Amino acid sequence: MMPSIEGVFAVVQTEWIPPSVDISVPSMARTYDFLLGGAHNFAVDRALAEQVERVMPDARSAARVNRAFLGRVVRHMIGQGVTQFLDIGSGIPTVANVHEVAQAVDPRCRVVYVDKDPIAVAHSELMLADNDHAAIVHADMRDPAAILGHPETRRLIDFDQPVGLLVLMMLHWVPDEADPWGLMATYRDALAPGSHLAITHVTADQQDERLTDVTDLIKDSRSADQLTERSHDQVLALFGDFELVEPGLVGCAAWRPGGPGDISDTPEMNMVIYGGVARKP
Amino acid sequence: MSQPAPAPEPRPATPDGARARDLLARKWTYLLSGVAPTALTKDELESALRAQLDALCSALTADRFDAAAVERIGEHVVATGYVGEDGLRRTVDVLGRGLPALPEFRSGHAHRVALGIGALATGFLTANRRAVFEQQERLQLSLLKSVRDAKWHLKESEARFDEVVTSSASGVAIADLDGRLVRTNDAIGDILGRTAEELTGASLFDFVHPYTVGMLREAMRAVVEGRQDRVRQSQRLLRADGDVARISLTASLVGDAGASSHFVVVVEDGTELMLLQNELNRQALHDVLTGLPNRQFFGTHLESAVRRADPVHGLVLLHLDLDAFGLLCDSLGRRAGERLLVHVARRLKSVVAREKAMVARFDGDEFGVLVESTAGTPDIATIVAAVNQELAEPLYVDGRGVAPSASIGVVRGGRDDDPVELLRAADQALRRARTRRRGQWEVFDPVHDLAERSRQELAIGMPGAWERGEITARYRPVVRLADGGAGGVEAVLRWDRPDGPVGHERCVRLAEKTGFVLPLGEWLLGVAGGQVAWWRRNGFTSPLTAALTAHQACDADLVPRVVRALDGCGLAADELVLGFPARVVTTSEAVDNLGVLAEMGVRIAVEDFALGPDDFAAARDVGAHAIRVAARWADLGTGVDAGYAAALTAALRDTGATVSVSGVTTAAQAQWWRRAGAHLATGPFFGADAPAGDFRATPGE
């Protein structure tokens, strides 16, 4: 009998098709877009969002408040002289994304987005096709070397100059086993003095049982992403020895709000996500 | 209003007017930013809205009202961010109150303002819809792109591996530019005496003899730097058992033009060549995970086993399928599932260890067992019991004991049998075992199989027959037992086939098999509804009854289907009695459906009522209007259970439901049920299912 190569392939072929292209499974990026009011989503994402809204009726405002935080932070960093941004876990480039905000203030701003969801990456590529100053890198934040060493990162970001590192609504998808603190230390080490780091992170400090319900919903949704809420101290530790700017690590609505768009009418929604910005001395 | 409103005075914004607009724009900004994510700062948004407000005011004060200009303002508002319905609501609200209060409009230009807000909303909706379409389209494009990218990577990788592996039966590995092994085949594993897991992620250089590793590193660096095309060396590799394997090694770069990313490393060992060949053979015929023969091998083996089968004892073929394997993988993960499969493979081998037997893994969670029987082979029941007993011993996965049960199809074969047919028969028996209950087994029964096959053919032919008009609606009288008067009409099906008609009950069973019952049932309801509505004009006052199947009763679209049918025929909801099968009436899907239908006024019947306590409780719980006793109980009154049935019927009447009996065939049965207290009956005794023209719609006609 002729030897067949199929046997060999059965051994070696793994992860050919990324599971996240499977649109029968909700994606957190697309669900978030739906909560913001966007249409970059599939029925399965909307179904999850609607379930979330059922247990947490004002979830939309939490999404909006986090998005508004992003805008304030980018403008703050530009005010501190930052013109290059690394946005890890950028998701679907929905309304008010980093390059839109940053390049509106200063068209020379350069932005590198990073995401591991292939659909978000493909979407970003389409969107950024005409933008020389922005690019998307397809990588997992758990692989800092791949992100920091990627040719696109190297092309757009000069690590000898201050960088705005944005890790928003991201680290609660990284379980403790993956050592988010160690990962963040690696990223911080790569930055020049004067760089800024912004983090938003879901917390259970308010002991809101609706959040537990949301966590359960996500758990039941077969999504590859699972939520790990963290305490104030745990989130604080992610900033390492960077110096937090005023007002410190707070509910992200309370971080220098500038108008009604920055806060939610539901007080709990202003506190469910911690936000903070810190500067490398 | 027929006269167009006079245009308000185009008044230049006075300082007062300008201040009023500032205030209104600020309020608008405040309300909009509370619901609409935007890239603009509050000040930017405010000045954008202030500009739109100016444009709006001048359009409203113009001599001629220009709706298109105002619609464009709506489009601009959409462009400020994700504005959406909430944003529109707040915009209409703030302008609806604020505009009439501006000095320009104070002297009563309500009509202009209303027109303006309407046009603004129109422009808003148009632009918003376009934005949604664009976003969806972009997302679809992204999806296609990501799938294509993934496929492209797949092709690239396959091509990469294919190229090398087909040209050589040697050990093959893919390594990155630093020598880290990304993929390896089993052959290289055998040369090194290590598994693929041990090799993946390790450095190629760790397996090279210290004396010669420097030479290999240098050569590979030279290739990366373009100083050399490929590496070709006699090398010494370190085996896990401490031996040194002398091999020849080739390494070359692969990747897109100009951007090589990986090495393909080929390792050849002359002395091992034959062994490698054997290994590849084994892989082609065996399942990699469990090491069992695969379906192809099993098939070939079965062919020869049939030829040499013992003329007296023959052979036994078992086809197993693990129950709830998918569920288990979902909850414990794929790796746990794989461990379970390996475990099952071992257990099955141990069950037949004393027999001349082969255990194979088919696809997924299916296994095949072939036992070549001898005088000492236990009978089928004993083998199956042994399998179940072995599997019942739990495997511990993450601290949780998992004991899968299996459904088993069994077929006995001999020299005269066709191996392909045997495999098919075992599969058929398995599927029948599975439809009954988990953990069941079923011996293949040729009569059953024949019936099954002809049933399947019939069921598959139904939609076509319906298209051709072979399936028609018939009307079955529902009779009042007390006086023999018309108590209603039941809509039923009939299929006229060349080999004779197929009656309603069989039609429904067949259509239920394929799911065709859903559209067919909706059609029947519409046609019969129309007919009954027509009869209404001739004094027919009784309701239309339709029995649902389990599938229909739980159909998520049942309510819209019923609404469509009723709308189409003009029958009121309370003129329809819908029967839900007793065995599904308490499932959540059916409860949802019947709740909505009852709310609409449709009368709910519990169909196929079996006179048991569970059915009784179900009928009471769902508050049925009517209870239809199953046809198989029509003859109950003549049997030993008459007293029980009579008592139950009385209890049923006490719930306030109408009690109806199906399948009444004789006068004696009708009389017995009348005495027992049933209200209505259907069945051959009251006449055959009739076409509309022959149905006696009005009593006494």
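How many helices and strands does chain A have? Chain A has 12 helices and eight strands. Good morning, everyone, and please keep in mind throughout that what we have here is a predicted model.

Let me stay with chain A for a moment. Of its 281 residues, 51% are buried. If you take the contacts in chain A with a separation of 6 or more, 74% of them are between residues 24 or more positions apart.

Now chain B. Here the secondary structure comes to 23 helices and 21 strands. Chain B has 701 residues, and buried residues make up 38% of them. For its contacts with a separation of 6 or more, residues 24 or more positions apart account for 63%.

Let's go back to chain A for some backbone details. Most residues other than glycine have a negative phi, and most peptide bonds are trans. With that in mind, have a look at Ala96(A), where phi is near 55°, a positive value in a residue other than glycine. You will find Ala96(A) in the loop between β1, residues 84-88, and α5, residues 98-105. Is Ala96(A) buried or exposed? Ala96(A) is buried, because 23 other C-beta atoms lie within 10 Å and the cut-off for buried is 20 or more.

Asp179(A) also has a positive phi, near 55°. This residue sits in the loop between β4, residues 164-168, and α9, residues 180-189. Asp179(A) has 13 C-beta neighbours inside 10 Å, so it counts as partly exposed.

One more stop in chain A: which residues does a cis peptide bond join? They are Glu246(A) and Pro247(A), with omega about 0°. Pro247(A) belongs to the loop between β6, residues 243-244, and β7, residues 250-251.

Over to chain B, and to a pair of helices. The axes of α2, residues 42-61, and α3, residues 67-78, come within 10 Å and cross at roughly 165°. Angles over 145 degrees count as roughly antiparallel, and therefore α2(B) and α3(B) are roughly antiparallel to each other. The crossing of α2(B) past α3(B) is left-handed. If you want to show the side chains here, α2(B) makes the contact with Gln52(B), Ala55(B), Leu56(B) and Ala59(B). On the α3(B) side, the residues are Ala69(B), Val70(B), Ile73(B), His76(B) and Val77(B).

Next, please find α13 in chain B, residues 380-392. This helix has 13 residues and reaches 18 Å from its first C-alpha to its last, close to the 18 Å expected at 1.5 Å a residue. Which residues of α13(B) are buried? They are Ile383(B), Val384(B), Val387(B) and Leu391(B). Down the axis of α13(B), these buried residues fall within an arc of 95°, so they line one face of the helix. An α-helix has 3.6 residues a turn, so residues three or four places apart point the same way. On the face of α13(B) turned away from the buried side are the exposed residues Ala381(B), Thr382(B), Gln389(B) and Ala392(B).

Last one, I promise: Arg561(B), in helix α19, residues 558-569. With 19 other C-beta atoms within 10 Å, Arg561(B) is partly exposed, because buried would take 20 or more. How many residues apart along the chain are Arg561(B) and Glu522(B)? They are 39 residues apart, and their C-alpha atoms are separated by 6.0 Å.

Terms used:
Residues numbered from 1 in each chain as written. Chains lettered and ligands numbered in written order. Predicted model: local features only at pLDDT ≥ 70, side-chain atom pairs only at ≥ 80, totals over all residues. Helix = DSSP H or I, 4+ residues; strand = E, 2+ residues; numbered from the N terminus. Expected span 1.5 Å × (residues − 1). Buried ≥ 20, exposed ≤ 12 C-beta atoms within 10 Å, placed from the backbone. Arc of directions from axis to C-beta. Axes fitted to C-alpha atoms, helices over the stretch in contact; angles between N-to-C directions. Parallel < 35°, antiparallel > 145°, perpendicular 65-115°, else oblique. Left-handed = near helix turned anticlockwise from the far one by under 90°. Contact = placed C-beta atoms within 7 Å.
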